[in-house]
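Have a look at the model below before reading on. The notes that follow take up confidence, then the core, then the aromatic rings.

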Amino acid sequence: MDFVIQDDQSEPVMVERDIVPAGIHRMTVKHCEEGPNQYKTSDENPDGQCIKLRLATVDGQYKFVFDDIPKHLGWRAKQLAEAVGIIPVSGRLSLKPEELVGQVLNVEISHYTSKAGKVSAVVKRYVPVSSGTAATPKPAIKPKPQKVTAAGSADDIPF
């Protein structure tokens with residue numbers, strides 16, 4: 001078989017994706033590792049040891065969401081564990097990166113604006129499996145405007 005090779009091979013085009021919209025989304029753990037984060041240090045965790053997650057929406061149409069959970073914030077690790085169906089034993093929770101990669105879970109996303117003005121999607125909370133929440137964002141409930149009629153004087157307050 002003969003092949004024709006063209007000299008003008010183009011570079012792959014990089015597609016810039018939008019950040020994940022705020023709300024609850026179905027996401028997959030694409031990468032997970034343990035390691036330090038200098039911004040997550042505390043008296044209980046002087047090295048800033050964290051479990052570092054890279055999350056992607058199931059459809060893959062948005063940028064990754066990164067979440068580092070420091071070792072001293074057990075309540076955040078418990079949220080993650082409940083979202084993937086892992087239950088602590090005797091008050092001790094063991095999360096291994098290799099067990100988390102590939103897990104699909106519901107995540108509530110919010111937006112954060114840095115001092116430099118950059119807007120990022122961040123994990124607000126991990127939604128437990130048992131809560132039964134939908135994987136799509138819920139629209140905010142807006143109160144209906146009340147009609148005020150001018151039946152009385154301007155000093156009357158309608159109840």
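## Confidence

In this predicted model, the protein chain has an average pLDDT of 84, and 77% of the residues score at least 70. Residues 132-143 are a stretch to treat with care: their pLDDT is below 50. In the model, this stretch has 13 contacts beyond near neighbours in sequence. Where pLDDT is low, the predicted coordinates should not be read in detail.

## The nonpolar core

The largest nonpolar core is made of 23 residues. Leu53, Leu55, Leu100 and Tyr126 have the most contacts inside this core. At least two core residues come from each of these elements: strands E1 (23-36), E2 (49-57), E3 (65-70), E4 (104-113) and E5 (119-127), together with helix H1 (74-84). H1 gives the most, with 5 residues.

Leaving aside residues up to four places away in sequence, Leu55 touches Met27, Thr28, Val29, Phe64, Val65, Val107, Val123 and Tyr126.

## Phe64 and its neighbours

Phe64, one of the residues that Leu55 touches, also takes part in an aromatic pair with Phe66. The arrangement is edge-to-face, with 6.3 Å centre to centre and 70 degrees between the planes. The count for the model is 1 aromatic pair.

How exposed are the two partners? Phe64 is partly exposed, at a relative accessible area of 42%, while Phe66 is exposed, at 54%. Phe64 has a charged neighbour as well: Arg54 lies over the face of its ring, 5.5 Å from the ring centre.

Conventions:
Residues numbered from 1 in each chain as written. Predicted model: local features only at pLDDT ≥ 70, side-chain atom pairs only at ≥ 80, totals over all residues. Heavy atoms only, no water. pLDDT = per-residue confidence, 0-100. Contact = heavy atoms within 4.5 Å. Phe/Tyr/Trp six-rings, centres within 6.5 Å; stacked < 30°, edge-to-face > 60°. Buried < 20%, exposed > 50% of the residue type's maximum accessible area, 1.4 Å probe, protein only. Lys NZ or Arg CZ within 6 Å of the ring centre and 35° of its normal. Core = buried A, V, L, I, M, F, W, Y, C linked by side-chain atoms within 4.5 Å. Helix = DSSP H or I, 4+ residues; strand = E, 2+ residues; numbered from the N terminus.
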